[in-house]
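Here are my notes for a colleague who is new to this entry. Please read them with the model open.

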Amino acid sequence: MPIYEYRCSQCQRVNSFLILKETPLDSLQCKGCGSQDLSRVLSKFAYHKSEASRIDEYDPNKRHGSEFYKDTRNIGLHAQNRMKELGVDLGSQFDAVVDKARSGELIDI
Ligand SMILES: [Zn+2]
């Protein structure tokens with residue numbers, strides 16, 4: 001769920017909002033005092049993305065350093081992203097291969 005936290009600069013309350021694509025950001029209001037003077041809080045929520053949104057947000061044109069691949073969840077992301085773009089359903093077999101790669105098992109295709 002795309003939940004973001006915003007801190008109210010009037011009363012310092014931290015508000016959590018479910019932000020959908022169609023949610024106009026200027027419609028957000030502090031639930032405590034009603035102020036619209038809110039600023040985004042970068043919380044741990046940002047790292048708890050669903051697998052689907054990780055794939056959606058993955059930018060194949062961006063260069064990823066070695067840090068990127070230290071997160072084993074990113075292994076196979078490029079392939080998944082490409083296949084999704086192409087509308088290819090890789091099926092459970094591919095997912096199993098990616099899972100194995102991520103867990104460091106040898107891949108035998
Ligand atoms: Zn407030």
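**Notes on the predicted model**

1. Where does Y4 sit? Its place is in strand 1, which covers residues 3–8.

2. Now look at what surrounds Y4. Setting aside neighbours within four places in sequence, Y4 is in contact with N15, S16, F17, I19 and R40.

3. Which strand pairs with strand 1 over five bridges? Strand 2, residues 14–18, does so, and the sense is antiparallel. Within this pairing, R7 stands opposite V14 of strand 2.

4. Check the hairpin of strand 1 and strand 2. Five residues lie between the strands. Q12 takes a positive phi there, near 70°.

5. Strand 1 has a further pairing, with strand 3 (residues 38–41). This pairing is also antiparallel, and it runs over four bridges. E5 has V41 of strand 3 as its bridge partner.

6. As background for following these strands by eye: in a regular strand, side chains alternate between the two faces of the sheet.

7. Turn to the zinc ion. Which residues supply its protein donors? They are C8, C11, C30 and C33, each through SG. The donors lie 2.3 to 2.4 Å from the zinc ion. Along the chain they follow the spacing C-x2-C-x18-C-x2-C.

8. Why is the arrangement around the zinc ion called tetrahedral? The four donor atoms subtend angles of 103 to 119°. The rule asks for all angles to lie between 85 and 135 degrees, so the arrangement is tetrahedral.

9. Is C30 buried or exposed? C30 has a relative accessible area of 4%, so it is buried, as the cut-off is under 20%. C33 has a relative accessible area of 43%, so it is partly exposed.

10. Finish with the rings. K31 lies over the face of F17, at 4.8 Å from the ring centre. F17 is also among the contacts of Y4. The count of aromatic pairs comes to one. In general, such a pair is described by the distance of the centres and the angle of the planes.

Note on methods:
Residues numbered from 1 in each chain as written. Predicted model: local features only at pLDDT ≥ 70, side-chain atom pairs only at ≥ 80, totals over all residues. Heavy atoms only, no water. Donors = N, O, S within 2.8 Å, 3.2 Å for Na, K, Ca; no water. Tetrahedral: all angles 85-135°; square planar, octahedral: opposite > 155°, others 65-115°. Buried < 20%, exposed > 50% of the residue type's maximum accessible area, 1.4 Å probe, protein only. Phe/Tyr/Trp six-rings, centres within 6.5 Å; stacked < 30°, edge-to-face > 60°. Lys NZ or Arg CZ within 6 Å of the ring centre and 35° of its normal. Helix = DSSP H or I, 4+ residues; strand = E, 2+ residues; numbered from the N terminus. Contact = heavy atoms within 4.5 Å. Pairing = 2+ DSSP bridges.
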